[in-house]
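Thanks for coming, everyone. Please have a look at the sequence and the structure on the screen. I'll walk you through them piece by piece.

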Amino acid sequence: MNKGFLRGTSILNKYIGFFFMTVLFLWIKTYLIQLTQFDLGIENGIQKFLLFLNPLGSALLFLSFASLFKGRRKYIWLMIIHFLMTFLVYANVLYYRFFNDFITLPTIFQTQNFGDVSSSVTSLLRPYDILFFVDNILLIGLLVFKMAKIEMKNFGRRKVAAIISLALGISCLNLALAEADRPQLLTRGFDRNYIVKYLGMYNYTAYDAVQSTKASAQRVTADSSDITEVINFTQSNYAEPNPATFGIGKGMNVIFFHLESMQNFLINYKLNGEEVTPFLNSLTNDPNTMYFDNFFHQTAQGKTADAEFLIENSLYGLPQGSAFTTKGLNTYQATPAILGQQGYTSAVFHPNSGTFWNRNEIYKSFGYTKFFDSSYYEMKEEDLADYGLMDKPFFAETIPLLETLQQPFMAKFITVSNHYPYPIKEELATIAPHTTGDKSVDSYFQTARYADEALQEFFTYLKESGLYDNSIIIMYGDHYGISENHNKAMEQVLGKEINSFESTGLQRVPFFIRVPGMQGGINHEYSGQIDIMPTLLHLLGIDTKDYVQLGTDILSEDHDELIPFRNGEFVSPTITSIDDKFYDSTTGLEIDESRMEEAKQNQEIVRHKLALSDKVVNGDLLRFYKPESFTPVDRSKYDYTKPDDESDKE
């Protein structure tokens with residue numbers, strides 16, 4: 001036993017022994033984290049083996065760089081690199097717990113949002129998280145307490161080259177096996193889940209960095225010819241407006257309600273026999289309100305910002321990060337700019353900092369006349385939620401600001417109360433929490449009720465002020481409120497198993513359009529956030545044929561019911577695509593071979609639409625194209641800073 005112990009310590013006294021122990025710890029730790037902390041959908045033996053193998057090549061490769069340093073510095077850099085790789089995995093664990101997704105390079109640079117999300121981060125921590133860093137502590141302890149002696153002799157470059165060759169060999173084997181199980185993995189995948197499953201967290205990060213860099217470089221290499229393909233596509237897929245609704249709201253005000261984290265399952269849902277959203281439920285029966293029960297959010301990592309981007313531009317958000325933060329200076333032909341050239345004033349009301357999601361910059365590119373951020377509100381401590389002012393005081397304080405707008409106007413109200421992790425003071429809750437045992441799921445019903453009540457109060461003002469009878473009112477859920485990480489609790493909520501098909505169905509969010517004089521009712525068309533802009537413009541009597549829009553008018557007989565998601569999956573009335581599998585949208589069962597051709601055609605259309613959108617946004621292609629009736633936005637005309645005379649009133 002003593003001889004064995006001595007042999008073990010003598011191995012650690014050599015740098016090569018200590019190096020391979022570090023590699024072993026990082027390899028096994030990363031494998032266990034990937035296995036237990038992420039829902040990667042492992043389906044067969046090859047995928048199980050690849051999940052085990054993929055951290056090894058990366059661990060060998062990146063840790064080998066420490067061997068290029070001399071003396072004790074190679075140990076220091078070995079520990080630094082080991083810690084950084086551990087921190088990268090752990091950061092992704094926290095991000096995944098919140099967003100059910102992985103960090104991308106653009107999201108790392110969204111630092112202006114960090115202060116606002118800090119309270120949410122603490123709710124993601126788990127007591128066992130310290131275990132992720134145990135090996136870091138152990139290895140440092142071995143060196144500090146001299147249980148492993150530091151070998152001052154330099155590590156030969158030939159040895160480093162041999163380790164790097166071994167690492168690359170393992171990674172190439174990994175990639176070859178991954179390509180065999182899923183051909184064209186790196187060329188056709190929008191889904192980060194696949195990259196992590198097949199190649200591992202570290203290789204995914206490298207792949208993402210390459211993709212993000214390529215996207216950033218596209219603007220430099222783009223020219224005017226690149227927009228031609230996009231224009232040809234949008235014009236050939238243009239949906240003629242419905243004569244019965246085209247121009248029915250001409251000249252009316254436009255009011256958007258951005259309903260934070262509101263999912264469609266809440267509509268008409270009863271908790272202990274009590275309606276959770278009684279006001280929204282009542283609108284499904286309003287004679288002038290159309291409620292869309294098959295309306296899907298199409299957001300990705302940008303979440304709320306993606307929803308705004310889709311709705312303002314009828315373009316998709318980016319596959320990595322948020323266009324709001326990385327493409328704020330692009331040229332756009334957004335709804336507020338189009339309406340501004342029709343005599344409209346436009347404004348956004350949001351009780352958070354104007355820098356959050358870079359709104360104070362990108363709104364200028366959209367052509368918003370005014371932006372009322374938190375600097376325009378009292379922001380009393382007792383009225384604050386995690387992300388700004390609670391909905392009821394927000395709407396109350398918004399009324400005098402709204403009344404300063406010249407009509408006709410387009411106004412957007414962005415609410416924040418119904419936001420993860422759904423905290424609410426006991427005295428504000430008017431419905432009991434659910435009883436699933438999942439804290440955020442249980443309180444979600446209480447914050448949704450509060451948001452519903454706040455909306456009802458503001459509608460009372462709209463009716464009393466006369467705006468109700470002279471405005472198009474649009475309400476939409478921005479993205480899911482309960483992620484797939486909470487499916488077990490959601491099974492109790494809905495009383496059924498939540499498989500991948502049901503989970504896709506839960507991406508429905510509420511969507512209402514109210515137009516005075518329009519026939520209301522429940523619309524079963526499949527639609528998404530990409531479709532709101534052309535639908536609204538047609539209601540206002542503005543033809544969209546010459547604009548670059550990838551959505552279509554939902555009220556048109558030619559509306560396209562194939563609804564893409566940002567990861568390349570899709571839903572339609574007939575076929576739903578999930579993880580490269582195809583399901584009957586009615587039964588939820590996998591389709592048979594006779595329908596595969598239709599499914600594959602839909603898949604190619606979806607990928608083409610997403611690629612065209614990315615081409616427009618990454619290349620800033622709208623700078624090369626101007627519809628005849630549109631004047632490009634001049635950003636220098638907009639300043640959202642609160643005037644000094646108003647600041648003095650605080």
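This is a predicted model: local features need pLDDT of at least 70, side-chain atom pairs count only at pLDDT 80 or more; totals for chains, interfaces and linings use all residues.

I'll start with the sheet, then go to the helices, and end with some single residues.

As a reminder, strands of a sheet pair through backbone hydrogen bonds, either parallel or antiparallel.

Let's go to strand 11, residues 471–477. Is it buried or exposed? Seven of its seven residues are buried, so the rest of the structure largely encloses strand 11. The cover is on both faces. On one side we have Ser471, Ile473, Met475 and Gly477, and they are all buried.

Now its partners. Strand 1, residues 253–259, runs parallel to strand 11, and seven bridges join the two. Look for phenylalanine 257: methionine 475 in strand 11 stands opposite. Then there is strand 12, residues 511–514. Strand 12 runs antiparallel to strand 11, with four bridges between them. Here isoleucine 473 faces arginine 514 of strand 12.

Move along to strand 4, residues 289–292. Three bridges link strand 4 to strand 13, and these two run parallel. Methionine 290 has glycine 521 in strand 13 as its bridge partner.

Take helix 11, residues 227–236. Its buried residues are Ile227, Val230, Ile231, Phe233 and Thr234. Why do they end up on the same side of helix 11? They cover an arc of only 165° around the axis, which puts them there. And what do they pack against? Helix 22, residues 596–619.

Next, a helix pair. Helix 13, residues 304–313, packs with helix 16, residues 359–366. The angle is about 10°, and the axes are 12 Å apart. Angles under 35 degrees count as roughly parallel, so helix 13 and helix 16 are roughly parallel to each other. From helix 13, the contact uses Thr304, Glu308, Phe309, Glu312 and Asn313. From helix 16, Arg359, Tyr363 and Phe366 take part. By class, that contact has three nonpolar, two polar and three charged residues.

Lysine 303 is in the loop between strand 5, residues 295–296, and helix 13. Its phi is near 45°, a positive value in a residue other than glycine. At 8% relative accessibility, lysine 303 counts as buried.

Serine 261 is another case. It has a positive phi of about 55° although it is not a glycine. Find it in the loop between strand 1 and strand 2, residues 270–271. At 2% relative accessibility, serine 261 is buried.

Now the cis peptide bonds. One joins glutamine 407 and proline 408, with omega about 0°. Proline 408 lies in the loop between helix 17, residues 391–402, and strand 10, residues 409–414. Another joins tyrosine 420 and proline 421, and there omega is about 5°. Proline 421 is in the loop between strand 10 and helix 18, residues 439–465.

Aspartate 438 is found in the loop between strand 10 and helix 18. With a relative accessible area of 18%, aspartate 438 is buried. Which residues does it contact, beyond its neighbours within four places in sequence? His486 and Ala489. Aspartate 438 and histidine 486 are 48 residues apart along the chain, yet their C-alpha atoms are separated by 7.7 Å.

Last stop: serine 577, in strand 17, residues 575–578. Serine 577 counts as buried, at 2% relative accessibility. Leaving aside neighbours within four places in sequence, serine 577 is in contact with Glu569, Phe570, Phe582 and Gln603.

That's the tour. Questions, please.

How values were computed
Residues are numbered from 1 along each chain as its sequence is written. Side-chain values use heavy atoms; hydrogens and water are left out. Buried means under 20% relative accessible area, exposed over 50%, partly exposed in between (1.4 Å probe, protein chains only). Two strands pair if DSSP finds at least two bridges between them. The arc is that of the directions from the helix axis to the C-beta atoms. Contact means heavy atoms within 4.5 Å. Axes are lines fitted to C-alpha atoms, for helices over the stretch in contact, and angles run from 0 to 180 degrees between N-to-C directions. Angles under 35 degrees count as roughly parallel, over 145 as roughly antiparallel, 65 to 115 as roughly perpendicular and the rest as oblique. Ala, Val, Leu, Ile, Met, Phe, Trp, Tyr, Cys and Pro count as nonpolar, Asp, Glu, Lys and Arg as charged, and the others, Gly among them, as polar.
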